[in-house]
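Please open the structure in a viewer and keep the sequence panel beside it.

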Amino acid sequence: MNTPQRLQHLYWRAGFGMSPKEWSSKKKRSTQKVIDELFKNAHQASQRKVVKNGNGIESSEMAMASKKEKRKENKIRIGSHNTDWVLRMGNPDESALLEKMTLFWHGHFACRTKVPGWARNQLNTIRKHALGNFRELVLAIARDGSMIRYLNNQQNKKRKPNENFARELMELFTIGRGNYTEKDVKEAARAFTGWSSNLKGDFVFRKRQHDFGQKIFFGKKGKWDGDEIIDMILEKRETSEFIARKAYRFFVNDKIDERNVEYLARVFYDSNYDIEKLMRAIFESKWFFDEENVGVKIKSPIELLAGMIRTFEVEFRNPAALIFIEKALGQVLFDPPNVAGWAGGKSWIDNSTLMLRLNMANVLFQNSELNLKIKEDFKAQKRNKRKRKVQASVNFKPFYNLFKRENEKLLLKKMGGFILQTKGQLNESTFENFIIKNNKEDLVKTLCLRIMSLPEYQLM
Amino acid sequence: MKRRNFIKASTIASTSVMVPQFLKGVNSENIARSRQGKNLVVIQFSGGNDGLNTIIPYQNDRYYKNRPTLGIKANEVLKVSDNLGFNPAMASLRSLYDEGLMSIINSVGYPNPDRSHFRSMDIWHTASDSNEYLSTGWLGRYLDSNCSGCQSPHHALEVDDTLSLSLKGVEKNGFAMSNPNQLKRISDNKFLKSIVHHHEHEHEENVEYLYKTLADTHASANYLYQKSKVHKTEVKYPKGAFANDLKQIAELMTADADIKIYYANLGGFDTHVGQKNKQARLLKTYSDAMSAFVKDLKNNGLLDDTLIMTFSEFGRRVQQNASGGTDHGTANNVFLIGGNLKRKGFYNSAPDLKKLDKGDLIYQVDFRKIYATILDDWLDASPTQILGKQFEKIII
């Protein structure tokens, strides 16, 4: 692999692909230097909070609005947190790595929330710790209002423990199935009794509901509280393996190479769960750039959209159209299918999602109408087809500038190399009847649309 | 180039250009083939249908005590047994009941019920326990298992634009199509046809998977389009999208399409506010469409080989709320309709309104027993393999 190819791979996995400007400015730099820049930018950006759309009004202050209006308003505001975030992922001036890490943890600590302010707080919490320490991140999530509600921990009381949070903490967030007993779940649940939140979504420790008694967790006796339970879970190497495996699936390959995962788990554990160390171990490994790990992952709907936005500076007149596309493709931010998150991989693909994915470039570039109905509302009984016009504008110039001086014979190869991560050769004859050759710009544009309509574009 | 020109230029060779290859390559032998095998039709009520106002325990004082305004008066109930009857909007379904074409299973649910729409629907789709998370559906796993004829994705067809989790397997998926003409128009994209044609085998698994899905989509789109033209029903269906979905299913079945499982949806059952009229409208839509559908199948000699299962992700609380509606509950009734039911009428006794769990019904029949029976008796598959554990069968 040559350096530009390595950078493309890095940028797809650590972010959402390269914008033409990034490509021009970085293609000559060393991989290590670019990795260092990615981390540096991410750390700077992680200090900034997402505040947009909060307007300082929390739902509790909207008492005058009717319940229905409030629900509608909340839906719109959650929707704008969603679309703001997708646009941030697609914005080359933002830190791609930080957004990608946040997306990873957002899927890991999967949580559905209906209160916009709470959703924003959770997102800020994840951003803050996304490249920090995993222990801090788990502790913060255990105190997050949305998560407490989602996993019923506000109902976890001394007299009547609710195990939901304690169970998912172990099964899905940290150590994984098979490494604890049912008894451990029960005892951990006791340690998290009284961990609740107030109406603003802020963490509240309800002393009177907390069980201060002795618990036996992982065979150890003590008056454990929630923090100590988390520490004891993290003391087990299995936790570092569980997270390393998940990160490997997300950033490297759905197919696991056990040796690589073992190595990552060791780095992660030995660094005391430093997430940056784990991520550097991935991006700085030789095997990360092995052919078998390049162009083999099916992009999630969000990665697909953010990637297109990033490459072509797509702007939406009505960003809510993005949510409609997310729904049709099966990934809505702040709305995972369940606490296990999005399954990913081949599960993104069926006949309906594939056709929409292959047409997505046409949709964005041509303001197409999406003639689809979406399964969503349990309430509304609108069975009439909803046509959604996606009004987007594209800045094609930076992309065109990359290729305007390219020899026509090499154009397909060069453009394919920029747009696609797969290694197969593109065949001129595939495109023959589907491009317009009037002038260079038409040629580049139509060819670009065609390449983005290939199944290969679904991979990264 | 100006934007307008660009749009013009790029549409020239784009999706809007289509040449329907009508009936090209129809396998007429296939169309004429005499039909064989059984069909399953699954109807999903989304939102949590209020089972207690669907099949009404009109003799039960507790029902009326819990639902002072929402309860359906005994003299309005379409009585079919000495303690149960249909919602007055369901006259046409009641006729099916009277003809012995219906079996109603009361109090269907699962242990530790979840009251979230999404999660509970997930559980019904994946057939998981309530603390277990699966990313494949029970019918998807049926497609994965060694069922004969599962090669083509349209073997399990959802009449909708998007595919439900129920129909997603590990290796195989069902097929989503809301309208054959629209599907044909989308898949008649010349460029996409050309790339399938030009594609040479690669070894990377996911590239192959995407190309195969694309090629299958083209093939299924053509197949379904042709099959949809074979037979036009003579039965008059009510207006509306749901009835139209059932009509399409009946036409494909009559054309002997190579489809084993059909899946259709009716949404809007989340009636927290002003339930009475909303639910009545939905139940009428369902009943009238179902009545036409059953008549259609009967006319074409298909009813004995068809089983129609209707479910919802949960029922509603026994007590009505303050807004003339009901909130999320637990156990609910499941309808089975077909010409060959072993146990007609009510499968079990009415829900127990005395013994509740914090105001909610306690389930009597695990829904996975119904799945297990359908998989074993109706689809000739191995229920234990597909459901991951053994469930006692019931009589269907």
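Begin by selecting B:Ser107, which is placed in strand β5 (residues 102-109) of chain B. The model is a predicted one. Although B:Ser107 is not a glycine, its phi is positive, about 55 degrees. Most residues other than glycine have a negative phi.

Next, select A:Phe334, in the loop between α16 (320-329) and α17 (351-366) of chain A. A:Phe334 is not a glycine, yet its phi is positive, about 65 degrees. Because it has 22 C-beta neighbours inside 10 Å, A:Phe334 counts as buried.

**A loop residue of chain A**

Move to A:Phe218, which sits in the loop between β3 (215-217) and β4 (220-222) of chain A. A:Phe218 has 18 C-beta neighbours inside 10 Å and so counts as partly exposed. Which residues does A:Phe218 touch, if those up to four places away in sequence are not counted? Display A:Asp184 and A:Met232, for these are the residues that A:Phe218 touches.

**A covered helix of chain A**

Now select residues 116-129 of chain A, which form helix α6. The helix has 14 residues, and the distance from its first C-alpha to its last is 20 Å, close to the 20 Å expected at 1.5 Å a residue. How many residues of α6(A) are buried? The helix is mostly covered, with 12 of its 14 residues buried. Among them are A:Trp118, A:Leu123 and A:Ile126, together with A:Arg120 and A:Arg127. To see what covers these buried residues, show α3 (31-46), α4 (67-89), α5 (96-108), α7 (134-142) and α8 (145-150) of chain A, which are included in the cover.

**Chain A as a whole**

Chain A contains 21 helices and eight strands. Along its principal axes, the C-alpha trace spans about 80 × 55 × 40 Å. The radius of gyration of chain A is 23 Å, which agrees with the value near 23 Å for a compact globule of 460 residues. Of the 460 residues of chain A, 51% count as buried. Among the contacts in chain A with a separation of 6 or more, 72% are between residues 24 or more positions apart.

**A covered helix of chain B**

Return to chain B and select α5(B), which is mostly covered: seven of its 10 residues are buried. The buried residues include B:Met121, B:Ile123 and B:Trp124. Elements that cover them include α6 (138-144), β9 (306-312) and α12 (367-378) of chain B. Then step to B:Ala127, which follows α5(B) and has a positive phi, near 60 degrees.

**A three-strand sheet**

The next stop is an open sheet of three strands in chain B, with the order β2-β4-β3 and antiparallel pairing. Select β2 (55-56) and β3 (78-79) of chain B: both stand at the edges, each with a single partner strand, so one side of each has no neighbour in the sheet. Strand β4 (residues 85-86) of chain B is joined to β2(B) by two bridges, and these strands run antiparallel. To inspect one pair, display B:Ile55 with its bridge partner in β4(B), B:Phe86.

**Two domains of chain B**

Colour chain B by its domain assignment, which gives domain 1 (43-178 + 237-387) and domain 2 (181-228). The C-alpha centres of these domains of chain B lie 33 Å apart. Their contact takes 11 residues from domain 1 and eight residues from domain 2. On the side of domain 1 of chain B that touches domain 2, α10(B) gives the most, with three residues.

**Where the chains meet**

Finally, show both chains and select their contact, which takes 56 residues from chain B and 53 residues from chain A. On the side of chain B, α9(B) supplies the largest share, nine residues. The residues of this side of chain B divide into 24 nonpolar, 24 polar and eight charged.

Notes. Residues numbered from 1 in each chain as written. Chains lettered and ligands numbered in written order. Predicted model: local features only at pLDDT ≥ 70, side-chain atom pairs only at ≥ 80, totals over all residues. Contact = placed C-beta atoms within 7 Å. Helix = DSSP H or I, 4+ residues; strand = E, 2+ residues; numbered from the N terminus. Nonpolar A, V, L, I, M, F, W, Y, C, P; charged D, E, K, R; others polar. Pairing = 2+ DSSP bridges. Domains from an automatic or database assignment. Buried ≥ 20, exposed ≤ 12 C-beta atoms within 10 Å, placed from the backbone. Expected span 1.5 Å × (residues − 1). Rg over C-alpha atoms; globule rule 2.2 N^0.38 Å.
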